[in-house]
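Colleague: I would like to learn how to read a model like this one. Please take the features in turn, with the general idea before the case.

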Amino acid sequence: MTLQEAIEQEGLLFSDGGFGTELQKLGLELSSCGDLWCLTHPDRVAAVHRQYADAGSSLVSTNTFNANRFALAKHGLADKQAEIARAGARIAKEVMAGRGWVMGSIGPCGELLEPVGPIQPEELRASLRVQVGALLEGGADAILFETMSGLDEIRLGLEVAQELHAPCVLLTGAFDPTRSGPRTMMGVRPEQLAKAAKEGGASVVGANCGRLALETDFLLLLERLHAAVGLPLMLQPNAGRPEVNENGISYHCTPVNLAEIVAPLASRLKILGGCCGSTPDHIRAMKARIN
Ligand SMILES: [Zn+2]
């Protein structure tokens, strides 16, 4: 069954949770390039995918969230973009063979587009073509645009995914609470994200990461995303709100707590996983609670 068919037919699918934090447990330093581990430590990247598959994730995301030209250039790795993305898809695909599907992860490029920022749309389009193309070459079953914030970047990404015939496309935005309801950092409302998803040919729309209060805001967000265009919904929340302390950022929502909080939302969702701070144990607990 293809992922697209599973989305159309099956009930709730479980995806994976935080990745960077799991790689840090295996020795990744905070300031280094985690995506490069697809080339230098493929065994450890595979180990994280395997932990999630063992916890019950039938969908995993590749370790390629930052594999865009601009983020890689900061580590002097811009010329490795295709190699990293291709390897990331292959590693995940090998682990998930016979167990589920691989979403090629693409996060925001980290720069603002002209006229607000320094990046020209054509530069971003070129980077996206390499990233999407290499993920598909490596065997990704879908492209997941995640933690997205700006509509111009979202539209470009969806356009490139269509142009390169991605078999399935998923789009999730990172929403924060504002006085006028949930919005992304660039001010995008849930309805705008959902409309862009539909117009750009995505099969699923949803939310990941962000600073919304799990207990109150997610239900409203999901209702608004769904009411706008009726696409199936995906949710990958952080393990609670991020808290900044002297050791960096931490997340305090335990697996059991997260499972209790998301359980009432499950009937509205097609795909449920986690984002920053969530672990294989969070996925296991959510799956046990909901099933
Ligand atoms: Zn996150």
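Modeller: Begin with helix packing: axes are lines fitted to C-alpha atoms, for helices over the stretch in contact, and angles run from 0 to 180 degrees between N-to-C directions. Helices (H or I, at least four residues) and strands (E, at least two) are DSSP runs, numbered from the N terminus. This is a predicted model, in which local features need pLDDT of at least 70 and side-chain atom pairs count only at pLDDT 80 or more, while totals for chains, interfaces and linings use all residues. Residue numbers start from 1 along each chain as its sequence is written.

Colleague: At roughly what angle do the axes of H9 and H10 cross?

Modeller: They cross at roughly 45 degrees and come within 8 Å. Angles under 35 degrees count as roughly parallel, over 145 as roughly antiparallel, 65 to 115 as roughly perpendicular and the rest as oblique. H9 and H10 are therefore oblique to each other.

Colleague: Is the crossing of H9 and H10 left-handed or right-handed?

Modeller: A crossing is left-handed if the near helix is turned anticlockwise from the far one by less than a right angle, and right-handed if clockwise. H9 passes H10 in a right-handed crossing.

Colleague: Which residues of H9 and H10 meet?

Modeller: Two residues are in contact if their C-beta atoms, placed from the backbone, lie within 7 Å. On the H9 side these are Pro190, Glu191, Leu193, Ala194, Lys195 and Lys198. They meet Leu221, Arg224, Leu225, Ala228 and Val229 in H10.

Colleague: Which residues of H9 are buried?

Modeller: A residue is buried if 20 or more other C-beta atoms lie within 10 Å of its own, exposed if 12 or fewer, and partly exposed in between, with C-beta atoms placed from the backbone. In H9, residues 190–199, the buried ones are Pro190, Leu193, Ala194, Ala196 and Ala197. Viewed down the axis of H9, they fall within an arc of 160 degrees, so they line one face of the helix. The arc is that of the directions from the helix axis to the C-beta atoms. These residues pack against helix H8 (151–163), strand S5 (169–173), strand S6 (204–208) and helix H10 (217–229).

Colleague: And which residues are buried in H10?

Modeller: Phe218, Leu221 and Leu225 are buried in H10. They cover an arc of only 60 degrees around the axis, which puts them on the same side of H10. The buried residues of H10 pack against H9, S6 and strand S7 (233–236).

Colleague: How do H11 and H12 pack?

Modeller: Helix H11 (residues 255–262) and helix H12 (residues 280–290) have axes 8 Å apart, at an angle of about 45 degrees. That makes H11 oblique to H12. Their crossing is right-handed. H11 makes the contact through Pro255, Val256, Leu258, Ala259, Glu260 and Val262, and H12 through Asp281, His282, Arg284, Ala285, Met286 and Arg289.

Colleague: What should I look for in the backbone angles?

Modeller: Most residues other than glycine have a negative phi, and most peptide bonds are trans. Thr147, in strand S4 (residues 142–148), has a positive phi near 55 degrees. Cys209 has a positive phi near 60 degrees and is found in the loop between S6 and H10.

Colleague: Which peptide bond is cis?

Modeller: A cis peptide bond joins Glu114 and Pro115, with omega about 5 degrees. Pro115 lies in the loop between strand S3 (101–106) and helix H7 (121–137).

Colleague: Are Thr147, Cys209 and Glu215 buried or exposed?

Modeller: Thr147 is buried, with 22 other C-beta atoms within 10 Å. Cys209 counts as buried, with 24 C-beta neighbours inside 10 Å. Glu215, in the loop between S6 and H10, counts as exposed, with 12 C-beta neighbours inside 10 Å.

Colleague: How many helices and strands does the protein chain have?

Modeller: The protein chain has 12 helices and 10 strands. Its radius of gyration, taken over C-alpha atoms, is 17 Å, close to the 19 Å that the globule rule gives for 291 residues, so it is as compact as a globular protein of that length. The globule rule is 2.2 Å times the number of residues to the power 0.38. Of the 291 residues, 53% count as buried.
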